[in-house]
Structure formats: C-alpha cells, structure tokens
Amino acid sequence: MKIIFLLPIIIFALSLNIYSQTDIEEQLKKNVIELKKELQTNSDTLKAIAYHKIGLEYEHINPLKAIAYFDSSLSICNTENYTSLKVRNLNCKGISLVNLTIYDIALENYFEALTITNNDSLEQKSMLLNNIVQIYIFTENYIKADSVLQIAKKTSKNISSKNIKQTLLNNEAIILSVNEKNADALIILKELLPQLDSIDPLRIKVLLNTSILYRFLGEPEKSFEYLHKSYQIAKKIGVNSEILLIETNVAEQYFVNEQLDSAFYYYNIVKEKAEKTNENKILISCYKALSTYYNKKKKYKMAYEYSLKYIEIKDKTNIEGKKIAVEKAAIEFKLRQEYAATKSQNKMQKILLKNKINQIKILISITIVVLVLLITVFLLFKKNKFAYNKLVEKNQVIIKTEHENKKLIKLVKKNVQEEIIVSNEDSEMIKKIKEIMDNEKLFLNKDFTLTQFANCLNTSTNKLSKLLNSSINKSFSDFVNEYRVKEVQQMIENVKYIKYSLEEIAEIAGFKTRNTFWRVFKKHTGVTPSHYRKNIYSYEK
C-alpha cells in the first residue's frame with residue numbers, strides 16, 4: 001500500500017529534472033527577429049501592432065521586457081487614438097505586472113482599460129473584469145473578488161468566448177474553496193476540465209487548483225496525480241512561472257503529509273530558482289515554510305533568519321516596483337534608439353520626393369508674397385491716413401500690454417519669494433519636531449495630544465497637522481506611534497526589561513490600551529509583539 005501511495009510522488013520527482021528551456025528560448029529569438037522586421041514600415045498602425053506582438057512573446061518569459069514593448073505600442077496608440085489596440089496593450093501590460101507581483105499598478109491598467117472600452121464590447125469588459133478578480137484573489141481580498149466576479153458573470157452571459165467563461169468558473173471555484181466549500185469547488189473544476197484543450201494554459205491552473213482541493217480534502221495520492229498532470233502541460237508549453245508554482249505545491253503537499261525532509265528538499269530547489277528569477281510571491285511562501293521547518297527541528301537561529309527574510313521580502317515588494325521602473329526606462333530608451341534608426345532609413349527614401357515638393361512650395365510662396373506686397377502697397381497708397389491711425393492705436397495697445405506684463409512679472413516674483421520662505425520655514429519646523437521627539441520623548445506620555453505638541457512648537461494645530469501630512473506623509477497619531485513602536489523594540493532588546501510583560505512595556509512607551517499597542521506594532525513591523533520578542537530571545541539563546 002505504501003509503494004502505491006509513493007508511486008505518483010516518485011514519477012513526479014523524476015519528471016522535475018527533465019525540463020529544458022533551450023528549445024523555447026531559441027524559438028523566442030526567431031519569433032522576435034521576424035517581428036522586428038515588421039517595424040521597418042512607415043505605417044504607425046503596423047508599428048504599434050508589431051510592438052504589441054513582440055510584447056506577447058516576452059509576456060511569460062521576460063515580463064519586464066514585455067512591459068517595455070507594450071508601452072512602446074501604447075505611446076503610438078495615444079497619439080493615433082487606436083482605442084481597441086490600446087485596451088489590448090493595457091490588458092497585456094497588466095498581466096505582465098501580475099507576473100512581477102506588482103498588483104496595484106496592474107489594477108490601474110485594468111481599470112484604465114475598462115474606462116475606454118466601448119459599452120458594446122462585452123467580451124473585452126468580461127476579460128478585464130476577470131483579470132481584476134484574479135488580482136483580488138492573489139491579494140487575498142476575497143470579498144472584492146466575489147463582488148467583481150458577480151458583475152463579470154452578468155457581463156459574460158451573452159459573449160461567445162469560451163475561454164473567458166472557463167476562467168470565470170476557475171475563479172469561482174477558488175472563491176468557494178476560500179469559503180470552505182471545497183466539495184462544490186471540486187464539482188465545478190471537474191466539470192470544467194473536459195471542456196479545456198490538452199495544451200490550454202488555463203488547464204494548468206485548473207489541474208493545479210484541483211490538486212490543492214484534494215490536499216485540503218486529505219487525499220494526497222490524488223493531489224500528487226493532478227500536480228503531475230499540470231506539470232506535464234506546463235513543461236510542454238514552457239510557462240516557467242507555472243512550473244515554479246507547481247514545484248512549490250509539491251513542497252507544500254510533502255509538508256502537509258509531515259514528510260518534512262522531502263518538503264525541505266523541494267522548498268530549497270524552489271527557493272534557488274525563485275531567487276534567480278525574483279519571484280517574490282513564491283519566495284515569501286518558501287521563507288515562511290523554511291522558518292517553520294527549522295522551528296520544528298529546534299534550529300531556532302535558522303528559523304529566526306528565515307523569518308527575517310520573510311519580513312524583508314514582503315517589504316521589498318514595494319521597493320521592487322521602483323527598481324523595475326528604472327530598468328523599464330532603460331529598455332524603453334534602447335527601443336527608442338531602434339525606432340529612431342528605423343525612422344532615419346525611411347526618411348532617406350522620402351528626401352528626394354520632399355525636395356521636389358519643397359521647390360514647388362517655394363515658387364508658390366514667392367508668388368504669393370509678391371502678390372501680397374503689391375496689394376499691400378496699393379492699399380497703403382490709397383488709405384494712408386487710415387493706416388496711420390490704425391498704427392497709432394496698435395502702438396498704444398502694445399505699450400499698455402507691456403505695462404501690464406511688467407506688473408504681472410513683479411507679482412510672480414513676489415509669489416515665488418513667498419513660496420521659498422514658506423518652504424524654508426517648513427524644513428526648520430520638521431527639524432525642530434524630530435529634535436524634540438528624539439531628545440524630550442514627549443510620546444512616552446500616553447495622553448500626549450496634537451494640541452500639546454503644537455503649543456510646545458509655538459504653532460497652531462491646523463498648521464502642524466498639515467505639515468506632518470505634506471512633509472512626512474503621516475498623520476499625527478501614526479507619527480507618534482512610530483516613535484512608540486521603536487521605543488518598545490529597544491526595550492524588548494534590552495536585558496533590563498526581560499522580566500517586564502509586554503503590556504507593561506507598552507504602557508511605559510506611551511500606549512493606552514493593549515489592543516491599540518498590538519495593532520500598531522504589527523502594522524509597523526509586520527509581526528505581533530509576542531512573535532517579535534520570541535524571535536529576539538530565540539536568537540540570543
């Protein structure tokens with residue numbers, strides 16, 4: 001019986017080492033070279049389509065490059081007003097951003113696409129709504145996911161696209177599973193599987209979700225069976241992100257089976273791959289699991305290190321968005337250079353034609369100028385007195401305008417000087433605020449208010465509140481609580497307070513209630529105070 005149970009696991013483990021990327025990468029290079037030839041055209045429409053196609057080639061292999069090509073296509077769409085192609089670019093760019101786990105910007109792209117989509121384009125609307133549902137699922141915002149799903153289901157009733165309807169069913173199964181309706185979710189997925197093509201990328205997700213449901217239902221053999229099926233399709237299509245996700249689920253299944261050493265082995269394989277490709281979402285899962293593994297093995301130092309990595313990678317996701325923007329700008333610069341080179345070749349073909357047209361234009365212009373001069377001289381001769389009066393009136397208008405302009409310049413200079421003075425005053429005030437908080441530690445007073453702080457600084461509460469919001473991007477309570485959290489961290493790390501309870505430490509640091517202390521501490525550090533204290537003491541031991 002044990003051998004039968006282990007058979008799908010052994011088959012799957014062997015298949016994990018077979019996959020090679022060489023053929024896929026070679027095919028990608030060929031496709032991109034062919035598509036770049038389409039950029040050698042004078043038509044902006046064809047160029048925008050070519051950039052879009054190249055972006056699609058990179059969408060799952062190199063999302064960052066894909067975004068750069070979609071943006072190049074979008075820049076042409078914005079100038080030429082190609083609404084349909086613009087919607088497709090925004091949608092594909094959103095998918096690439098999801099692959100990079102930059103969900104907030106992906107949502108912005110999907111919502112922008114929705115606003116410009118024609119009301120008659122139900123298929124496009126359904127597709128965009130479906131993508132929004134997926135982001136809310138990824139970010140574990142299941143209430144919003146369910147509400148958008150209901151809208152998407154109504155919108156997709158009269159559309160012909162099977163793929164969109166099938167994806168909606170898959171998402172519905174995920175939401176049912178979250179609401180602990182695993183049996184209902186399994187029925188939907190099993191009905192959906194026969195409708196899908198053998199190499200449909202959606203089939204990978206459905207098989208993977210079916211495997212996860214069997215894991216929840218305590219059927220590991222079936223879970224491994226569906227994981228193996230999903231891996232075979234992912235290997236055939238060459239979707240690296242899905243392969244990595246499947247391998248992560250293999251590790252998780254071993255973990256659930258309490259085969260900790262096997263789980264540890266696969267988590268390390270996934271971790272190495274994810275670190276190379278910067279798959280932050282998978283790294284978060286790996287670091288968390290490895291921390292738990294080392295805790296169970298009583299290797300507390302390693303557990304502490306991985307818990308720190310887990311916290312760091314969660315914070316890093318926001319910083320990663322800025323780095324990606326910089327790299328994206330560099331890629332866009334190279335694309336613009338290629339575009340400029342293509343344009344210069346096309347310009348050479350137009351030079352001869354333009355020269356002839358210019359010669360004709362010059363002749364026509366000279367003729368017009370001569371005629372205008374003759375007519376002007378004639379009119380001046382006939383109406384000399386009238387022209388003189390008009391000239392005087394114009395001069396008066398010019399003098400008046402110049403006088404008004406001088407007044408306007410003085411006013412602008414005065415406003416600029418006032419703004420500089422206000423800016424300098426704000427900088428000095430911020431410096432003073434930080435010095436008082438660091439030196440006098442007013443935040444230790446649990447009844448410390450905005451009014452007291454304003455009186456201490458000799459300013460008004462309104463002005464102080466606005467200054468904190470505009471210069472530090474924090475409300476008064478967030479600003480004070482941040483200092484209190486840092487004080488608590490220092491006290492926890494200080495041996496002097498080892499016998500103090502967390503509530504006593506919180507009270508000393510200025511927190512009024514235990515609930516407020518718990519909520520604020522977790523908001524600023526990502527962990528609860530007890531977890532933080534436990535990790536500190538474990539590390540010291």
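These notebook entries record what I looked up in a predicted model.

**Helix α3**

I began with helix α3, which covers residues 44–58. I noted 15 residues and a reach of 21 Å from the first C-alpha to the last, close to the 21 Å expected at 1.5 Å a residue. I then listed the buried positions of α3: Lys47, Ala48, Ala50, Tyr51, His52, Ile54, Gly55 and Tyr58.

**Nonpolar cores**

I next asked which residues have the most contacts inside the largest nonpolar core. They are Val206, Ile246, Tyr267, Val488, Phe511 and Phe517, in a core of 67 residues. Another core, of 30 residues, lies apart from the largest one; Val87, Ala106, Leu107 and Ile135 are among its members. For context, I recall that nonpolar side chains tend to be buried together in soluble globular proteins.

**Positive phi**

Glu140 has a positive phi of about 60° and lies in the loop between α7 (122–138) and α8 (142–155). I read a relative accessible area of 60% for Glu140, and it is therefore exposed, the cut-off being over 50%. Asn473 likewise has a positive phi, near 60°, and I located Asn473 in the loop between α19 (461–472) and α20 (476–493). With 64% relative accessibility, Asn473 also counts as exposed.

**Aromatic pairs**

I counted 23 aromatic pairs. Why is the pair of Phe448 and Phe476 tilted? The ring centres are 5.7 Å apart and the planes meet at 55°, which falls between the limits of 30 and 60 degrees, so the pair is tilted. I noted that this pair links distant parts of the chain, 28 residues apart: Phe448 is in the loop between α17 (384–440) and α18 (450–456), and Phe476 is in helix α20. Phe448 is buried at 9% relative accessibility, and Phe476 is buried at 15%.

I then returned to Phe511 and Phe517, which form a tilted pair at 5.2 Å centre to centre with 55° between the planes. Both of these residues are buried. I also recorded a cluster in which ring pairs link Phe264, Tyr287, Tyr293, Tyr294 and Tyr306.

**Charges over rings**

Finally, I checked for charged groups over ring faces. The charged end of Arg514 sits over the ring of Trp518, 4.1 Å from its centre. Lys486 lies over the face of Tyr483, at 5.8 Å from the ring centre.

Definitions and conventions
Residues are numbered from 1 along each chain as its sequence is written. This is a predicted model: local features need pLDDT of at least 70, side-chain atom pairs count only at pLDDT 80 or more; totals for chains, interfaces and linings use all residues. Side-chain values use heavy atoms; hydrogens and water are left out. Helices (H or I, at least four residues) and strands (E, at least two) are DSSP runs, numbered from the N terminus. The expected span of a helix is 1.5 Å times one less than its number of residues. Buried means under 20% relative accessible area, exposed over 50%, partly exposed in between (1.4 Å probe, protein chains only). A nonpolar core is a set of buried Ala, Val, Leu, Ile, Met, Phe, Trp, Tyr and Cys residues joined through side-chain atoms within 4.5 Å. Rings of Phe, Tyr and Trp (its six-membered ring) pair if their centres lie within 6.5 Å; planes under 30 degrees apart count as stacked, over 60 as edge-to-face and the rest as tilted. A charge sits over a ring if NZ of Lys or CZ of Arg is within 6 Å of the ring centre and within 35 degrees of the ring normal.
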